[in-house]
Amino acid sequence: MGSNSMPVRIAHGWAIAWLDFYQTPAIVSEGIYSEAKGFFKELVRAKGVLPHNHVNPQTLEINRLGRPKKYAYDETWAFASCA
């Protein structure tokens with residue numbers, strides 16, 4: 001590496017910075033907006049709704065994937081009170 005390698009690296013760094021810094025306010029603003037939007041959605045979320053699933057098929061008989069629960073009505077199952 002010659003003595004000219006450092007200025008080239010600095011020049012590339014500045015080029016990336018100039019291409020990227022102008023987007024920073026937009027990126028930060030979008031992040032703050034989406035966090036605030038998610039916060040207020042959580043405030044008004046119903047008690048039984050899962051927070052990260054807007055299409056929630058879960059009921060007493062159906063699990064989170066939309067399939068029938070395996071031991072929904074089997075009282076002889078050892079963990080029936082937990083399910």
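These legends accompany close-up views of a predicted model.

Local features here need pLDDT of at least 70, side-chain atom pairs count only at pLDDT 80 or more, and totals for chains, interfaces and linings use all residues. Residues are numbered from 1 along each chain as its sequence is written, and side-chain values use heavy atoms, with hydrogens and water left out.

View 1. Helices (H or I, at least four residues) and strands (E, at least two) are DSSP runs, numbered from the N terminus. Of the 83 residues, 1% count as buried; buried means under 20% relative accessible area, exposed over 50%, and partly exposed in between (1.4 Å probe, protein chains only).

**View 2. Phe39 and Phe40 make up the one aromatic pair in the structure.** Their ring centres are 5.3 Å apart and their planes stand at 70°, so the pair is edge-to-face. Rings of Phe, Tyr and Trp (its six-membered ring) pair if their centres lie within 6.5 Å; planes under 30 degrees apart count as stacked, over 60 as edge-to-face and the rest as tilted. Phe39 is partly exposed, at 48% relative accessible area, while Phe40 is exposed, at 53%.

**View 3. Val44 sits in the segment after helix 2 (24-43).** Here you can see an exposed residue, with a relative accessible area of 69%.

**View 4. Ile62 also lies in the segment after helix 2.** Ile62 is partly exposed, at 31% relative accessible area. Leaving out residues up to four places away in sequence, Ile62 touches Pro57, Arg67, Pro68 and Lys69 (contact means heavy atoms within 4.5 Å).
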